[in-house]
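Trainee: I would like to go through this structure step by step. Can we take one topic at a time?

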Amino acid sequence: MQIQLATIAITGCLIASCSNSSTNSKQATNQAPESPKQELAQVAEQATPDFTNMVQFPAGSYFIGSDKGLPNEQPVHAIDLNAFYIDQSPVTVAQFRQFIEATGYKTEAEKFGDSGVFNFTTNQWELKKGTNWEYPLGPDHDKATNNHPVTHVSWNDAKAYASWAGKRLPTEAEWEVAARSGKNNQQRFSWGDQLVKNGQYKANVWQGDEVNHNSNEDGYRLTSPVGAFGKNEAGLTDMGGNVWNWCADTYQLYPGNSMPFRKDENVKVIRGGSFFFDQNGEASFTVSGRSFNSHETSLFNTGFRCAADVK
């Protein structure tokens with residue numbers, strides 16, 4: 001299976017897709033006879049959701065977006081939200097393993113037989129065979145660490161896990177409100193206005209202006225244990241850096257944004273930035289930074305967290 005990766009200039013996100021689709025897509029379909037909707041139905045029965053490690057936000061009117069950020073973050077606008085819970089941290093490898101063992105679910109990376117990894121030797125993205133949530137760098141490397149965020153999960157996989165857990169994916173608005181600790185302020189990052197405070201990085205991010213250079217000052221070359229960089233005011237971790245977070249929404253421009261745009265229901269929102277290089281630099285992991293990827297894409301720097309309604 002060949003790889004075709006496109007850099008989206010407006011957001012710096014990478015969309016992985018398979019070429020030679022007339023052959024390879026059929027192969028993947030044969031390996032996955034059940035549709036995502038059928039699989040969601042199969043994993044829908046679960047125990048009562050556990051809210052222990054979730055943070056609750058009250059219903060109210062909030063402002064999201066930024067007039068100082070990238071064009072797709074504009075304009076600032078008000079949204080009304082019902083009360084909601086959101087996971088304190090991204091779903092970990094250990095938590096995802098419980099889901100796999102309980103349901104026998106196969107991720108899309110497992111069905112396709114490969115997933116997106118950046119090769120630091122060739123400085124290129126590749127679809128590496130045998131790469132999945134359990135082997136994030138491929139079967140020739142170590143297994144994923146239990147307390148790190150799970151990666152190589154598509155939007156469909158994340159939605160299936162959330163359904164099994166009795167939860168759902170957060171909306172983009174909920175994610176941003178949580179990143180802002182539920183406050184209507186102009187704070188740039190979830191933890192404050194500075195990326196480095198007292199000589200310490202406040203998130204697991206790329207330190208360098210090029211994809212082939214990372215000074216690694218934050219101590220992590222790839223993912224870090226969830227919570228390693230502390231919590232925001234609301235008690236949430238990793239709301240910037242470490243891994244991109246899938247959100248429930250189909251990506252679209254905000255009301256009032258007149259940029260040329262064509263909506264695609266297969267393209268979903270991701271938030272928060274990651275440990276890996278992004279051409280937008282610090283803008284990728286601000287509270288208002290937003291990007292997107294196709295719903296079947298799985299990469300080594302993308303994970304998710306869950307949300308739930310307050311009954």
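This is a predicted model: local features need pLDDT of at least 70, side-chain atom pairs count only at pLDDT 80 or more; totals for chains, interfaces and linings use all residues.

Trainee: Which residue caps the N-terminal end of H5?

Mentor: Look for a side-chain oxygen that lies 3.3 Å from the backbone nitrogen of Asn156. That oxygen belongs to the capping residue, Ser154.

Trainee: Which residue just after H5 takes a positive phi?

Mentor: The phi angle in question is about 75 degrees. The residue that takes it just after H5 is Gly166.

Trainee: How many residues apart in sequence are the parts that Arg97 and Glu134 tie together?

Mentor: Arg97 forms a salt bridge with Glu134, with the closest N and O atoms 3.8 Å apart. Arg97 lies in helix H3 and Glu134 in the loop between strand S8 and H5, so the pair ties together parts separated in sequence by 37 residues.

Trainee: Are Arg97 and Glu134 buried or exposed?

Mentor: The cut-off for this is a relative accessible area under 20%. Arg97 falls in that class, and so does Glu134: buried.

Trainee: Which residue meets Glu233 in a salt bridge?

Mentor: The N to O distance in this bridge is 2.5 Å. The pair links distant parts of the chain, 50 residues apart, with Glu233 in the loop between strands S10 and S11. The partner sits in the loop between helix H6 and strand S9, and the partner is Lys183.

Trainee: Is Glu233 buried or exposed?

Mentor: The cut-off for exposed is over 50% relative accessible area. Glu233 has 61% relative accessibility, so Glu233 counts as exposed.

Trainee: How many salt bridges does the structure hold?

Mentor: Besides the pairs above, Lys263 and Glu265 meet in a salt bridge at 3.7 Å, N to O. Glu172, Glu176, Arg180, Arg271 and Arg290 are linked in a network of salt bridges. For the structure, the count is 13.

Trainee: How many disulfides are there?

Mentor: A disulfide needs a pair of cysteine sulfur atoms within 2.5 Å. Cys247 is buried at 0% relative accessibility, and Cys306 is buried with a relative accessible area of 0%. By the distance rule, the number of disulfides is zero.

Note on methods
Residues are numbered from 1 along each chain as its sequence is written. Side-chain values use heavy atoms; hydrogens and water are left out. A polar contact is a pair of N or O atoms within 3.5 Å; within protein, one must be able to donate a hydrogen and the other to accept it, and residues adjacent in sequence count only if both atoms are side-chain atoms. Helices (H or I, at least four residues) and strands (E, at least two) are DSSP runs, numbered from the N terminus. A salt bridge is a side-chain nitrogen of Lys or Arg within 4 Å of a carboxyl oxygen of Asp or Glu. Buried means under 20% relative accessible area, exposed over 50%, partly exposed in between (1.4 Å probe, protein chains only).
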